[in-house]
Amino acid sequence: NAEYMGITEQMKAEKDREMHNIGDKVLCKFHDGTYANAEIIDVKRAESSAKEESKEQFTYYIHYTEYDKRLDRWASGRDIEPISQHSVVNMSTVDKEKSKVLTRGTKRKMEALYPQSEGLSDLPREVMDQEKKYQEKTKIRNIEKIIIGMYEINTWYYSPFPEEYGKQKLLYICERCLKYLRKKSSIIRHRGKCTWKSPPGKLIYLDKSPPINVADISGSEIKSLSIYEIDGEAEKRYCQCLCLLAKLFLDHKTLYYDISSFRFYVLTEDTKSGSIIAGYFSKDKSMTNDNNLSCFMVLPPYQCKGYGKLLISFSYYLSKRDNRTCGPETPLSDMGKICYKSYWTDILLQTLYEHKGNLSIKELSTLTFIREHDIVTTLQELNLVKYCKGQYMLSTVNMKMIEGHFKAKEEKQKVSKRQPLKFHPDCVLIKDCLLYTSPSPRDRG
């Protein structure tokens, strides 16, 4: 009996032992059944309900090494396979029936949707050290989901909510004042008392006829789109809540501790019941580095509606009013890069087409208020820039290529049956505007 008990205890200990360790390089399954290279970031005991369902003792926090951190997740041992000793990815170690090797086409689609994060090798030593400390602190997402208004949203990144809130897997956020709460009963009580109908600050942009022919999730018709300008010094509580919310979807750059020197421009969808936040950007009041945008975010349920390009267009409108050639603060997120690339490409090609390509890079910057560096990086991908005698110059512009670009966009819009959302300067409420203006380098000569 003693020998049997000893064997039983040993078997139990083996079963209770972790299958994988922190730092292990493994293959982990995607939601679509394909496998990809991953690293185990953390290990914890499975919750009782998960144990009963899977009969597994541990779950593993996985980072897909070739993709952005927003895909990180807790995975069961069933989704993880060891990597062959002879190859970084040797799928022969995985049962063919339960795995699908990433084809070239699938991999291209995945890379387009989830670009690989940039490394730290090009950063200065001090910045690199700070970045490493930041990555270590924020490597595990603390809040898994939020419920804001009618939407339940999976979060992407760590956000520095106060400890008692940061430990919640699910957080409730008021879609009007952005107050965050831990319990469903608390948000229900709060909504009964919350009198906010719109963000604080000044309404500075109002589009009463946006090309949006759909209702929101509650069935209410979207009457208009608005942008509110909010002073971080005057509305500290709201702006802090906004930054904490935004940090759930931005891996870098948060103004939580320093909001007084920034202005926030909040985009809302307006229905008969009030204005609901869809996205925002922030801007340094001093603009000492000629950045017309600091942080930039559109909430996931409102993406692919053209709201990102609308906010970018508005940021450049402010630059033109200040007579400053500006651009966004870097580094941009991967999705931010995609949005800016689309905006810059359209603006630059349209300007080149209107002038039949007879422009220099400096003249193009003067006309569009886009920085020369951003122009070069954008046009390089279109093979419209060459490097000659120590400087970048525009190549011969192919008008048919430009026509083809815009024709392809029109065809895509016809297929989607959605009219493009455009920024309209006439919708800016100049008289009621508190737009910050600062001395322009052009004016200073």
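Two strands are taken to pair if DSSP finds at least two bridges between them. The model shown in these views is predicted.

**View 1. Parallel pairing of strand 6 with strand 8.** Strand 6 (residues 145-148) and strand 8 (residues 170-173) run parallel and are joined by four bridges. K145 has L170 of strand 8 as its bridge partner. Both strands belong to an open sheet of four strands, ordered 7-6-8-9, in which the pairing is mixed. Strand 7 (151-154) and strand 9 (180-181) are the edge strands of this sheet, each pairing on one side only.

**View 2. Antiparallel pairing of strand 2 with strand 1 and with strand 3.** Five bridges link strand 1 (residues 25-29) to strand 2 (residues 35-45) in the antiparallel sense. Opposite K25 stands E39 of strand 2. The hairpin formed by strand 1 and strand 2 has five residues between the strands, and G33 in this hairpin takes a positive phi near 95 degrees. Strand 2 also pairs in the antiparallel sense with strand 3 (residues 58-64), over seven bridges. Here the bridge partner of R45 is F58 in strand 3.

**View 3. Helix 9 and its buried residues.** Helix 9 comprises 21 residues (residues 334-354). At 1.5 Å a residue, helix 9 should span 30 Å, and the distance of 30 Å between its end C-alpha atoms therefore agrees with that expectation. Buried residues of helix 9 include D334, G336, C339, Y340 and Y343. Also among them are W344, T345, D346, L348, L349, T351 and L352. K356, which follows helix 9, has a positive phi near 55 degrees.

**View 4. Crossing of helix 9 and helix 11.** The axes of helix 9 and helix 11 (residues 372-380) come within 10 Å and cross at roughly 90 degrees. Helix 9 is therefore roughly perpendicular to helix 11, given that angles of 65 to 115 degrees count as such. On helix 9 the contact is made by K341, W344, T345, L348 and L352, and on helix 11 by D374, I375, T378 and L379.

**View 5. Surroundings of L352 in the largest nonpolar core.** The largest nonpolar core holds 79 residues, of which I146, F314 and L352 touch the most other members. With neighbours within four places in sequence left aside, L352 is in contact with G357, L359, L364, L379, L384, L394, V397, M399 and I402. A second, separate core has 15 residues, including A36, I62, Y67 and A75.

Technical notes. Residues numbered from 1 in each chain as written. Predicted model: local features only at pLDDT ≥ 70, side-chain atom pairs only at ≥ 80, totals over all residues. Heavy atoms only, no water. Helix = DSSP H or I, 4+ residues; strand = E, 2+ residues; numbered from the N terminus. Expected span 1.5 Å × (residues − 1). Buried < 20%, exposed > 50% of the residue type's maximum accessible area, 1.4 Å probe, protein only. Core = buried A, V, L, I, M, F, W, Y, C linked by side-chain atoms within 4.5 Å. Contact = heavy atoms within 4.5 Å. Axes fitted to C-alpha atoms, helices over the stretch in contact; angles between N-to-C directions. Parallel < 35°, antiparallel > 145°, perpendicular 65-115°, else oblique.
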